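Notebook open, viewer open. I'm jotting down what I look up as I go.

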Amino acid sequence: MQRHLRYHGTIMHDIITLPGLGGSGDTHWQTLWERTDTRFTRFQPASWDQPDLHDWEQSLERAVGHCAKPPVVVAHSLACLLVVHWAARFPSAIAGALLVAVPDPDGANFPSEAASFKPVPDRTLRFPSLIIASTNDPYGELEVTQRRVRAWQSGLIVPGALGHINASSGLGDWPQGRALLDAFCAGLSR
């Protein structure tokens, strides 16, 4: 499954989208990005609604294994926690991770069906990572996200009050997020 596009003279990475609980619906920016760029592939766990950490890790590992070279992962919400758990258990390489709207598993709004994702490893990630956080995310307070940034040695961008940075945020195909992904990937190519 070798699908590389040339962009400004450089080979770009394959990209695996990792939706959170419930998957990303038709109007979510992840789905819209997948529709317009053949580099994007969605990982496929057994259930989007009854997430099991072990199953999600295995699904991510299979998706990474199908890539010709280390891919970039674009995770939303619960899938951000998946990436950190996966990184602690699997040696497979990824080029980097864009982690959008990292939830707080100890927060009041964390879904009980995602309990298998607790506790979250708090150690440096072995690949470049960039967290994008909203100032008014009901699933993750900025202060908690900033602690994760330090523990994981990630970059952080806070584009303002975007809620949970999902379809309900009214972002459409979220051009600002796509520009951040493109800049992040360009930095990985150097």
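This is a predicted model: local features need pLDDT of at least 70, side-chain atom pairs count only at pLDDT 80 or more; totals for chains, interfaces and linings use all residues.

**Salt bridges**

I searched the whole structure for salt bridges and got 8. The rule I used: a side-chain nitrogen of Lys or Arg within 4 Å of a carboxyl oxygen of Asp or Glu. Residues are numbered from 1 along each chain as its sequence is written, and side-chain values use heavy atoms, with hydrogens and water left out.

I looked at Arg148 and Asp122, which form a salt bridge with their closest N and O atoms 2.9 Å apart. Arg148 lies in helix α4 and Asp122 in the loop between β6 and β7, so this pair ties together parts that are 26 residues apart in sequence. For the element names, helices are DSSP runs of H or I with at least four residues, strands are runs of E with at least two, and both are numbered from the N terminus.

Next I checked Arg147 and Glu143, whose side chains meet in a salt bridge at 3.4 Å, N to O. They are 4 residues apart in helix α4, so about one helical turn separates them. Arg147 is partly exposed at 43% relative accessibility, and Glu143 is exposed at 53%. The cut-offs: buried is under 20% relative accessible area, exposed is over 50%, and partly exposed is in between (1.4 Å probe, protein chains only).

I also found a network: Asp37, Arg39, Arg178 and Asp182 are joined by salt bridges that share partners.

I found Thr17 in strand β3, residues 15-18. Is Thr17 buried or exposed? Buried, with a relative accessible area of 0%. Its side chain makes a polar contact of 2.3 Å with that of Glu34. A polar contact here is a pair of N or O atoms within 3.5 Å; within protein, one must be able to donate a hydrogen and the other to accept it, and residues adjacent in sequence count only if both atoms are side-chain atoms.

Glu34 turned up again, in a salt bridge with Arg42 (2.9 Å, N to O). Both Arg42 and Glu34 are buried. Thr17 touches both residues, and its contacts also include Phe43 and Val74, leaving out residues up to four places away in sequence. Contact means heavy atoms within 4.5 Å.

Then I moved to Thr31, in helix α1 (residues 29-36). Thr31 counts as buried at 9% relative accessibility. Thr31 and Arg42 are 11 residues apart in sequence, and their C-alpha atoms are 8.8 Å apart in space.

**Helix α4**

I listed the buried residues of α4 (residues 142-152): Val144, Thr145, Arg148, Val149 and Trp152. They cover an arc of only 150° around the axis, which puts them on the same side of α4. That arc is taken from the directions from the helix axis to the C-beta atoms. Glu143 and Arg150 are exposed on the other side of α4. The cover over the buried residues includes α3 (78-89), β6 (96-100), β7 (129-132) and β8 (155-157).

**Cores**

Which residues have the most contacts inside the largest nonpolar core? I noted Leu18, Phe43, Leu99 and Trp152, in a core of 35 residues. The largest share of this core, 9 residues, comes from α3. A second, separate core has 21 residues, among them Ala101 and Trp174. A nonpolar core is a set of buried Ala, Val, Leu, Ile, Met, Phe, Trp, Tyr and Cys residues joined through side-chain atoms within 4.5 Å.

I read up first: most residues other than glycine have a negative phi, and most peptide bonds are trans. Trp174 has a positive phi, near 45°, and is buried at 2% relative accessibility. Gln153, which follows α4, also has a positive phi, near 60°, but Gln153 is exposed at 55%. The peptide bond from Lys118 to Pro119 is cis, with omega near -15°.

Last, I looked for disulfides, meaning cysteine sulfur atoms within 2.5 Å, and the count is 0. The sulfur of Cys67 is 12 Å from the closest cysteine sulfur, in Cys185, which is too far for a bond.
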